[in-house]
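I opened the notebook today to look at how the pieces of this model are divided and where they touch. Here is what I looked up, in the order I went.

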Amino acid sequence: MKRLLKLSAIAALAVTTLSMAGTLDDVKKAGVLKCGVNTGLPGFSEADSKGAWRGLDVDYCRALAAAVLGDASKVKYTPLNAKERFTALQSGEIDVLSRNTTNTETRDTTLGINFAGVMYYDGQGFMVPKSLGIKSAKELDGATVCIQAGTTTELNLADYFRSNKMKFKAITFDTNDQVDKAFLAGRCDILTTDQSGLYAARTKFKNPEKFVILPEIISKEPLAPAVRQGDDQWFNIAKWTRNALLTAEEKGITSANVDEMKKSNDPETKRLLGVEGTMGKNLGLDADAFYRAIKQVGNYGEIFERNVGANTPLKISRGLNALWNKGGMQYSPPFR
Amino acid sequence: MLALLRNEKVRGILYQVLVITGFLVVAYFIAINTAHNIEVRGIKSGFGFLHSTAGFDITESPIPFSPQSTHWDVFKVGLLNTLIVAFAGIILSTILGLIIGVSRLSSNWLINRLAAGYIETFRNIPVLLQILFWYNVVLATLPTTRKSLNFLDSVFINNRGIFVPNPIFEPGAWLIGAALIAALLAGWWLHRYAIKLHEATGQNFPAFWISLGLVIGLPLLAYFIMGRPVTFDYPALKGFNFQGGKVFTPEFLALLFALSIYTATFIAEAIRSGIEAVPKGQKEAATALGLTPMQSLRFVVLPQAVRIAIPSIINQYLNLTKNSSLAAAIGYPELVTIFAGTSLNQTGQALEILGITMLTYLLISLVVSMILNWFNAKMKIKER
């Protein structure tokens, strides 16, 4: 019996040491960053015809990999549906969840995860076929709604209809593709998800002009990457990589001019790029970690324009996602 | 000491103790490990979430449900929906399986080949694909709400489902139910009387037809006596959708079709092997007694064949019930879709929810197999 107790004590100890081991060390040892992304959402995370992953959420993972491992291509992508995402992060199957996930109080406090700063400010909207002649979400009483299961969208929908004293029927599916397919087949009258998701879905439709997106935005959806709780170092790395991308845009540092900017006289630029100070080292990374991220992936503005901006099929304007000094809400604490 | 180890009995016990201890240590380690990890990562645990508000809506629910209901209500709705589709599927697949199984042995070449083709096709396609196939067929072929197929202004078919009038029972309707029960009891009594009469005198009494007449006639009589206490709620197009009436959704229909058609192939094969396992002499003896082929099938072959087929048919019923969890693919709100799916995602309590769900499936399976084992024991040949 004494032996058994000892054994379990050792076992418990073993577990403790295991869970204390940092994600940073694991990633470095594996030489690859395991990143959970959406199964297919144009502009945010989508595999192109060659099988390469593209999108805003994907670029965040690439920037993180460039900062930590020095190579933006060293990412292993795990496509996840809404229901799988948190379990995948909790169980350690992925190192970071970058999958258009809304930061909410419940998720932050009860799921054992931390949100590392907003990559995209979004809000929930509605799309309807033009033929229904609907102009406002207030006319949707009695409608059937297609929706993805296990999302904040599902809860907002119920709240919105309830507070407006309207009735609805929700048909829920596992993945975006199934939701879109059912909507196109006429199984439901409305498609609802984050507005960016609506624009993204519409680019995939055969006749996008036959559908309208209603003006109402019924919720706040700050989409943020998330990491496991209890590993502060990794949490800091995830946060400051996002901040680095924003600061780079603010300082006018792009993937094209980052080498010249190293010679800049601006002290914060110098600190950000690792020419001066110990910014990278403070996080347990190389001094030039953020230089590599910007060089290989670009700043936040570049990432935004490349994936969802005016020259992409999504044609989303910066809006809330402009920098704080350009009328938006994207803001990074200083690199000091 | 060594001599003790050489003793076969002692050694046997020793090994068992070692194995059990090993198992307990592993189980203990896993439990401690899990609890520890949950605590370290700050994941909420416990069953308190069952009483918190769900916040989302469920498309079809046999009991009242709103977004203000709790996760425990979600569980109940999911379980009921699972049971409904399983029950309907079991009945449909049994009827279909019986027909196909007997056809498979038909001497008519065309019927025989058609049945064989049916079995080989549907048995060898994964059931998940079949569910998706039927769902897309239903959605793609049926018209939209405004162009619904209309049957006498009371039944409407479109890609939102099949809408039928819903009966509303007013006070006085109880007599109809009572009449039905009385008719069924009378039918059962007549059936026993007919057997007794047949055994005693050899005379045939048309119990079946008289019972059928009673089952239809008595409730009808009660309906008119009580002044037609049943009215119907007819579906009507209002706004976006049909309101009122009862609706069978495309998700439910696709799942039911796919599960029944798939499971029927296995039941058909079980029945065919059952029939083929009945010794040839039985059939020959029946022919020699002057029974027609139909009578020989009905009174001699099938009773013995069913007996042989029951154990494997039980398995198929359980498979059907478990396969209903594949509904997650098309959004039919059964247990896995809404409880182990949506509820799990909204609360994040994977261990608790998956534990409850697995336990529930285990219980359903155990209960079904218990009932059918009892039935099997009752149907077994009584050796005299």
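I began inside chain A: the centres of its domain 1 and domain 2, taken over C-alpha atoms, are separated by 29 Å. Domain 1 of chain A covers 23–121 + 223–326, and domain 2 of chain A covers 124–219. I note that such bounds come from an automatic or database domain assignment.

Before going on, I wrote down the ground rules. This is a predicted model, where local features need pLDDT of at least 70 and side-chain atom pairs count only at pLDDT 80 or more, while totals for chains, interfaces and linings use all residues. Residues are numbered from 1 along each chain as its sequence is written, and chains are lettered from A and ligands numbered from 1 in the order in which they are written.

Next I checked the contact between the two domains of chain A (C-beta atoms, placed from the backbone, within 7 Å). Domain 1 of chain A puts in 17 residues and domain 2 of chain A puts in 16 residues.

Then I turned to chain B, which is assigned domain 1 (2–43) and domain 2 (71–165 + 234–379). Their C-alpha centres lie 42 Å apart.

Last, I asked how many residues each chain brings to the contact between chain A and chain B. I found 39 residues from chain A and 37 residues from chain B. On the chain B side, helix 2 (8–40), helix 5 (127–141) and helix 11 (335–347) each supply at least two residues; helices here are DSSP runs of H or I, at least four residues, numbered from the N terminus. Helix 2 of chain B gives the most, with 8 residues.
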